[in-house]
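User: Hi! I'd like to go through this structure with you, a few questions at a time. Shall we begin once it is on screen?

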Amino acid sequence: MPQLLTRLTLGFLLALGCMASLTAAEPAAEITPEKLDQLIADLDANEFAIRDRASTALVKIGLPAIDRLTQAATSKSLEQAHRSLGALEQMLDSEEAVSDAAEQALSQIARQQNTWSAQRADLALEQTRLLKQRKSLDKVKALGAEVVDEGVDENGELSYLSIIIKQESWKGTDNDLRLLRSLPSLRSLSVFGPVFNETQLQTLSELKDLAALNLYATKLSNDGLAKLQNVMPYTRIDRRNGGMLGISGDQIGGNGCMVNSVQPDSAAAAAGIEPEDVVVSIDGKEVESFSDLTKLISEKSGGDVVKLKIKRGEQTLDKEAKLGEWKPEHIKNGFRGGNTIILQNGQRIIMAK
């Protein structure tokens, strides 16, 4: 039975992939409960032509037929269940609203464990997921997103993805960001610039499998950040307004941040900050650790001027630094699934966890 199930489902999916776009659904006014009931009953008719016409009609009807098809997919009649599942599978290749509803219906059927219908629905969903992911990834790349890391499993299917979207190269619309929902292997997403506004937070919040979400100069508000953190508790969200100081550092016993190194041509270098200086405050706010420093700088934008209090040996110095801007070429993502962002020369710089 499992082999037969696999052959049947794969056969339907192959046919699905070869189909042209479905014709427009019938006007809702022409669809009555009685008509739906008759079409569902016709799926089990003695004549093949009647069964076939009913299957085609139900697929054309689309959304109004999905609930009845979901019920019939677990019918005691093998023919009725078989054709109902086939109709739902074909709808997966229809317009978005119908496709999403058909996917939800198949997910509902798949949750009914240890049944033939559940096994077939589960296999159809898996095959559709893989097909959707490949198609969506091609579209996202064509719109200007960069895949900086990817991997495949033993079956040659994508197992993880790391993607960067930059404002200057992204050609997509707000709606195109929804393509990311069809990338279940997406583990790390970095966004540079105001690619989205806060009305698109819902799209980001639906990326439940993300390990890391890095947002640079996106103009995301504190309220928006809090909303994301609330609905994505297992995702490391790194929000930066775009300001770059240009140092690496360590905590020194909870009393300031020791500067390990200063990036050449950075805001820190221009301000005269040196290795082994200890940053004790920024704009009057105490700095007790590198994490504190990171948080305070992340709230600033490129071009902002910050006042730093520095300890250098026995001296206490006041410095002003005009922050630079984080740009995509400054960083790379060195971990499959998300980790700290590091400079291309290997030096960690204001981008720690």
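User: What is the mean pLDDT of the protein chain?

Analyst: This is a predicted model, in which local features need pLDDT of at least 70 and side-chain atom pairs count only at pLDDT 80 or more, while totals for chains, interfaces and linings use all residues. Residues are numbered from 1 along each chain as its sequence is written, and side-chain values use heavy atoms, with hydrogens and water left out. pLDDT is the predictor's confidence in each residue, from 0 to 100. In the protein chain, 83% of residues reach 70 or more, and the mean is 80.

User: How many contacts does the stretch of residues 332–353 have beyond near neighbours in sequence?

Analyst: Happy to check! The pLDDT is below 50 over residues 332–353. Where pLDDT is low, the predicted coordinates should not be read in detail. With contact meaning heavy atoms within 4.5 Å, the number in the model for this stretch is 73.

User: Why do the buried residues of α4 lie on the same side, and what arc do they cover?

Analyst: The buried residues of α4 are Ala-65, Ile-66, Leu-69, Thr-70 and Ala-72. On the face turned away from them, α4 carries the exposed Asp-67 and Gln-71.

User: Which residue forms a salt bridge with Asp-277?

Analyst: A salt bridge is a side-chain nitrogen of Lys or Arg within 4 Å of a carboxyl oxygen of Asp or Glu. Asp-277 is buried, at 1% relative accessibility. Asp-277 sits in the loop between α10 and β9 and its partner in strand β11, so the pair ties together parts 35 residues apart in sequence. The closest N and O atoms are 2.8 Å apart, and the partner is Arg-312.

Technical notes:
Buried means under 20% relative accessible area, exposed over 50%, partly exposed in between (1.4 Å probe, protein chains only). Helices (H or I, at least four residues) and strands (E, at least two) are DSSP runs, numbered from the N terminus.
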